[in-house]
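These are my notebook entries on one structure. I set down what I looked up, entry by entry.

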Amino acid sequence: MRVVLLGPPGSGKGTHGQRLAKALGTPVISTGDILREAIAQQTRLGQAAQADVKSGRLVADETVLGLIETRLGLTDAKNGFILDGFPRTVAQADGLKKILGGQKIDRVVNLVVPADMLVQRLEARWTCGSCGAIYNMKTSPKPAKAGVCDRCGGELKQREDDRPEAVRTRLQVYENQTAPLVAYYQGEGTLRNVDASGLPEEVYAAIERAIGRVAA
Ligand code: AMP
């Protein structure tokens, strides 16, 4: 299955994408994760993307399309994938169509969350530097031991772009550049809206229904 998770920062794309990937046996491809890894390694891509990612602006379409084309060409993505955080502009959605050739996206799941809740979630979000597990320090899932990942024992960190100024920029960028994709995919008949403001379990079950699977 080929699935796109759409939604503003903090809507749960990362959390639910990781779980869905396990359930479907397909990789979850997060352009944000790829860029953060490139920045950590200080590759050429990382150095070029660093300032944009830190401040919450979008990295250039051609750059992101190039890395997606490479990633989708790997064997594990041949039978399906979940895209998290891509596409983020109409130009990227058009580019994705070209990369996929005759293959179609089966489902676009649009995670809908009120803006004030997004800000609260992003401010309380901590991520494992080793395995990428995502925690919420105010609600759930909270780690059993402060600062330590339940899954792998790695160190939990707050993302630099989850700080208030970058959060404001990211939400504005979402409204201006990414929200138009809702109408884009609605026009193609592949979009399903999911209320993502509830508890993680409820939201995950709704996502499974939206992609036509029974919650496991
Ligand atoms: P995310 O982890 O999806 O919230 O992405 C973190 C940051 O990486 C974004 O704020 C952008 O700076 C950059 N980024 C991730 N995905 C894309 C994309 N599809 N297009 C442009 N920039 C992106």
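Predicted model: local features only at pLDDT ≥ 70, side-chain atom pairs only at ≥ 80, totals over all residues.

Residues are numbered from 1 along each chain as its sequence is written, and side-chain values use heavy atoms, with hydrogens and water left out.

**Entry: Pro200.** I found Pro200 in helix H9, residues 200–210; helices (H or I, at least four residues) and strands (E, at least two) are DSSP runs, numbered from the N terminus. Pro200 counts as partly exposed because its relative accessibility is 31%; buried means under 20% relative accessible area, exposed over 50%, and partly exposed in between (1.4 Å probe, protein chains only). I also looked up Ile134, which is 66 residues from Pro200 along the chain, with 12 Å between the two C-alpha atoms.

**Entry: Asn110.** I located Asn110 in strand E4, residues 107–112. Is Asn110 buried or exposed? Asn110 counts as buried, because its relative accessibility is 5%. Among the residues that Asn110 touches, leaving aside those up to four places away in sequence, are Leu6, Tyr174, Val182 and Arg192.

**Entry: H4 and H5.** I then turned to a pair of helices. The axes of H4 (residues 61–72) and H5 (residues 90–100) come within 10 Å and cross at roughly 30°. Axes are lines fitted to C-alpha atoms, for helices over the stretch in contact, and angles run from 0 to 180 degrees between N-to-C directions. H4 and H5 are therefore roughly parallel to each other, a label for angles under 35 degrees. I recorded that H4 residues including Leu65, Ile68 and Leu72 meet H5 residues including Gly95, Leu96 and Ile99.

**Entry: the cores.** A nonpolar core is a set of buried Ala, Val, Leu, Ile, Met, Phe, Trp, Tyr and Cys residues joined through side-chain atoms within 4.5 Å. Which residues have the most contacts inside the largest nonpolar core? They are Leu72, Phe81, Leu83, Leu96 and Tyr185, in a core of 28 residues. H4 gives the largest share of this core, five residues. A second, separate core has 20 residues, among them Leu5, Leu20, Val113 and Tyr204.

How values were computed:
Parallel < 35°, antiparallel > 145°, perpendicular 65-115°, else oblique. Contact = heavy atoms within 4.5 Å.
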